[in-house]
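These are my notebook entries on a structure I went through element by element.

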Amino acid sequence: MMTVPSKLQSVNLNLWYGAFWALKGVSMAIRPQAITAIIGPSGCGKSTLLRCFNRMNDLTRSVRTDGQVLLDGQDIYASGYELTRLRKRVGMVFQRPNPFPLNVFDNVAYGPRVHGVRDRRTLERIVESSLKATALWEALQNRLDRPALALSAEQQQRLCISRLLAVEPEVLLMDEPCSALDPVATQHIEELMRELMQRYTIVIVTHNMQQAARISDETGFMLLGELVEFGTTKTIFTNPRDKRTEEYVTGRYG
Amino acid sequence: MRPIAVHTQRIATTVLWTLAGLTIGVLLFIIGFVLVRGLPHITLEFLTAAPRSMGREGGVFPIIVGTICVAGLAILIAGPVGVLTAIYLTEYTRPSRLTAVIRFGADCLAGIPSIIFGLFGFVFFVIRLGMGPSILAGALTLSLMVLPTIIRTSEEAIRAVPLSYRDVSYGLGSTRWQMVMRVVIRSALPGIGTGIILSLGRSISETAAVMLTAGSALNLPRSAYDSVRTLALHFYILSREGISMEKAYATAAVLVLSILGINLLAYWIMRRFIARVT
């Protein structure tokens, strides 16, 4: 029952760090306008997989990949595929909030400027709408010239999401975006993700199973570089097919 | 056990305090020594007039101008070259034999006595390239001398920039050059600035290398090909040839005060810069 085509899809994706085989033939199809969670114990390759989706692993030495990653049906690992354009379309939010040591405005305007927007009016408009999308505008509209590093951790992480939205991406990759936040801030970011889901395709890596269960529509469970099971979140958490998945989601190891 | 440990701790504290105090004391003594002898002779005329009868009378105005020209031009040359080299070494290559050779070369250059740079500058810039003793020859020589410092301090500063900034910048679709210019250099600016200020201080106070390359003319320079005399060299000539110890100490005081001034100004600018981003 093929309802919608996948936004993003890995096809038999393998990755090696030197001699270490980190991803073993991972095939996963990610639905648009939904949240897909990737769970699994530390070192299972979930972050590595996430970083394949916008080729951030290219920055790491001695990484070798084969297989395909299709974005709207086009292989992003094909030779000649433009990396700057790819990363504009597929952006990433990292574990720790990591705003640049610039003021709020320049942080959000960084992406548009890199892509050639010079006009002050246009930049102001983009900054405003990006901050509104993460519910930061109210709090920060009069403090746009304040250093971003002076904000609270939650605000910093929201700012990082705004900074990403400012380049108008289609896919948001989130690598444990709440692991440095307190429970209240985590709840706020999760609510934000549910809102953003209406307009973006979101893939989140998390080691917090409750979080995956709460917010995601589909979940993939990874173990030792393999995608053990992939399905709707409900199925994975209530009626998994694989014994290893069941053991993990019921907390028997990991 | 315990009394001995306490005892050792006390001895350690005393020794460390004494040594630290001694260092500061010597520094203050030297600065005080120069200022006490030099300050009384610094007048408005001394700062704004040209020297007369070899510097026995008059002031040091052309010498101040000469110092600014030589040291300033040296930094204008060595600054960009050094910072770009550091960017190349840290951001554009992976550690290899070539980068190891460049680093080793820079470290060796840093250890060479300045008179050797002076000799090289004299043979190469002054004679071989026919520049004559001049601002240009002096500045080029000094720039070679301070280049290793600028490269290594910039490199350290760039390395200290968190890797995550690079990830984020790439993640937003920037090119490597955009990432370097907009994020890395900005974050590393305090460290890079410190290296450049140190080098400026060294250029201003250098004597041996400029003696052989910038000459010792007392006239106000008209172009980069004119010979000038720097403050440090002026001090050396005045005292060594017994022309005037009063003027020599006054010159030394101007030199010490300007270096103190530059360092304080730089410190203040860095503090403001850091305060603006954190």
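In which helix is B:Thr149 found? I located B:Thr149 in helix α6 of chain B, where helices (H or I, at least four residues) and strands (E, at least two) are DSSP runs numbered from the N terminus. I note for all entries that this is a predicted model, in which local features need pLDDT of at least 70, side-chain atom pairs count only at pLDDT 80 or more, and totals for chains, interfaces and linings use all residues. Residues are numbered from 1 along each chain as its sequence is written, while chains are lettered from A and ligands numbered from 1 in the order in which they are written.

**Entry 1: B:Thr149**

I looked up the surroundings of B:Thr149, which counts as partly exposed because it has 19 C-beta neighbours inside 10 Å; a residue is buried if 20 or more other C-beta atoms lie within 10 Å of its own, exposed if 12 or fewer, and partly exposed in between, with C-beta atoms placed from the backbone. Leaving aside neighbours within four places in sequence, I find B:Thr149 in contact with B:Ala110, B:Gly195, B:Leu198 and B:Ser199, a contact being two C-beta atoms, placed from the backbone, within 7 Å. B:Asn263 is 114 residues from B:Thr149 in sequence, and their C-alpha atoms are 16 Å apart in space.

**Entry 2: the nonpolar core**

Next I turned to the largest nonpolar core, which has 133 residues; such a core is a set of buried Ala, Val, Leu, Ile, Met, Phe, Trp, Tyr and Cys residues joined through C-beta atoms within 7 Å. The members that touch the most others are A:Phe53, A:Leu173, A:Val203, B:Val70 and B:Leu142. Helix α6 (residues 135–159) of chain B gives the most to this core, with 14 residues. For B:Leu142, beyond four places in sequence, I listed contacts that include B:Val70, B:Ala74, B:Glu206 and B:Val210.

**Entry 3: strand β3 of chain A**

Why is strand β3 of chain A largely enclosed by the rest of the structure? I find that five of the five residues of this strand (residues 35–39) are buried, so the rest of the structure largely encloses it. A:Ile35, A:Ala37 and A:Ile39 point one way from the strand, whereas A:Thr36 and A:Ile38 point the other way.

Two strands pair if DSSP finds at least two bridges between them, and β3(A) runs parallel to strand β8 (residues 201–205) of chain A, joined by four bridges. A:Thr36 has A:Val203 as its bridge partner in β8(A), and A:Val203 is also among the core members listed above. Four bridges likewise join β3(A) to strand β9 (residues 218–223) of chain A, again parallel, with A:Ile38 opposite A:Gly220.

**Entry 4: an open sheet in chain A**

I also traced an open sheet of four strands in chain A, with the order β2-β1-β4-β5 and antiparallel pairing. Its edge strands, β2 (20–30) and β5 (74–75), each pair on one side only. Strands β1 (residues 8–17) and β4 (residues 63–71) pair over eight bridges, and A:Asn14 stands opposite A:Asp66 in β4(A).

**Entry 5: where the chains meet**

How many residues of chain B are in contact with chain A? I find 17 residues of chain B in contact with 23 residues of chain A. On the chain B side, the elements giving two or more residues are α7 (163–171), α8 (176–205) and α11 (245–277), and the largest share, six residues, comes from α7(B).
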